[in-house]
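Dear colleague,

Here is the structure I said I would pass on. My notes on what was found in it follow below.

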Amino acid sequence: VVLGLAAGLLAPAPTRALTAEQYSQLTYNQVKGSALANRCPTVESQGASVPVKSGAKLTNMCFEPKSWAVEAQTDKGTEFVTTKLLTRQTYTLAFINGELSPSPITFKEDDGIHTLPTTVQLPDGEYVPFLFSVKSLVAKGEGSEFKPGFTWGGEFEVPSYRTGAFLDPKGRGMYSGYDQAVALPALQADGKEGQEELFKET
């Protein structure tokens with residue numbers, strides 16, 4: 001039974017990490033098929049810290065997990081186990097924007113690509129699909145400046161994996177697919193109980 005999910009977000013930068021300036025100089029054909037589109041730009045710091053002032057904003061923040069661990073039942077009890085990532089190069093959250101405030105440093109996410117469907121595989125072969133999310137993230141950390149060793153954390157929302165575009169085995173969905181099963185034509189035109197019953201199934 002899967003009880004929770006954790007993503008390792010802090011790890012050594014990949015060897016092909018680029019700065020945002022270097023990204024902007026690449027053409028579409030240079031990025032296409034290279035997996036660079038799934039890489040977060042690296043930040044080159046100048047100085048020992050970056051102070052945060054009132055009214056500041058954090059723009060184009062990116063989350064690129066380096067490893068995934070799932071909390072599961074094992075022979076030793078409940079513990080986090082390493083997993084194999086099955087999702088291809090489409091799991092990075094990017095263009096995250098929000099307000100920053102100091103003392104303590106607080107970030108409130110309000111825009112960006114903040115959810116993406118991802119699937120990992122447990123050591124026993126079980127698949128674990130979920131939405132990797134930082135939607136409505138409110139992260140807090142001590143102090144009023146970013147510096148080496150700074151850590152922060154907070155709560156966020158994880159929408160249902162079955163979004164409005166999810167289709168059931170009969171091809172029905174909330175805003176895509178069919179609104180009734182083809183095998184039940186008698187229920188599609190009554191405008192009352194039949195439609196309500198089908199709506200409950202989706």
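Cys62 counts as partly exposed in this predicted model, because its relative accessibility is 23%; partly exposed is the band between buried, under 20% relative accessible area, and exposed, over 50%, with a 1.4 Å probe and protein chains only. Cys40, by contrast, has a relative accessible area of 11% and is therefore buried.

These two cysteines belong together: Cys40 and Cys62 form a disulfide, with their sulfur atoms 1.8 Å apart. The criterion is a pair of cysteine sulfur atoms within 2.5 Å, and a search of the whole structure finds 1 disulfide. The link is between distant parts of the chain, 22 residues apart, with Cys40 in the loop between α2 (28–31) and β2 (50–51) and Cys62 in strand β3. Helices (H or I, at least four residues) and strands (E, at least two) are DSSP runs, numbered from the N terminus. The torsion about the S-S bond of Cys40 and Cys62 is about -75°, so the disulfide is left-handed.

On conventions: residues are numbered from 1 along each chain as its sequence is written, and side-chain values use heavy atoms, with hydrogens and water left out. As the model is predicted, local features need pLDDT of at least 70 and side-chain atom pairs count only at pLDDT 80 or more, while totals for chains, interfaces and linings use all residues.

How confident is the predictor, on the pLDDT scale from 0 to 100 for each residue? The chain averages a pLDDT of 80, and 77% of the residues score at least 70. Over residues 1–15 the pLDDT stays under 50, and the model has 35 contacts beyond four places in sequence for them. A contact means heavy atoms within 4.5 Å.

Strand β3 also takes part in a sheet. This is an open sheet of 5 strands, antiparallel in its pairing, in the order β3-β7-β8-β11-β13. Two strands pair if DSSP finds at least two bridges between them. β3 (56–63) and β13 (153–157) stand at the edges with a single partner strand each, so one side of each has no neighbour in the sheet. On average, neighbouring strands of this sheet are turned by 25° against each other, direction ignored; the axes are lines fitted to C-alpha atoms, and angles run from 0 to 180 degrees between N-to-C directions.

Within the sheet, β7 (residues 93–101) and β8 (residues 105–111) run antiparallel and are joined by 5 bridges. Asn97 stands opposite Asp111 in β8. The two strands β7 and β8 form a hairpin with 3 residues between them, and Ser103 in the turn has a positive phi of about 50°.

Back in β3, Ala56 is partly exposed at 26% relative accessibility. Leaving aside neighbours within four places in sequence, Ala56 is in contact with Glu99 and Leu100. The C-alpha atoms of Ala56 and Gly98 are separated by 9.0 Å, the residues being 42 apart along the chain.

One further pairing: β4 (residues 67–74) and β5 (residues 77–82) are antiparallel over 6 bridges, and form a hairpin with 2 residues between them. The bridge partner of Ala69 in β5 is Thr82.

Regards
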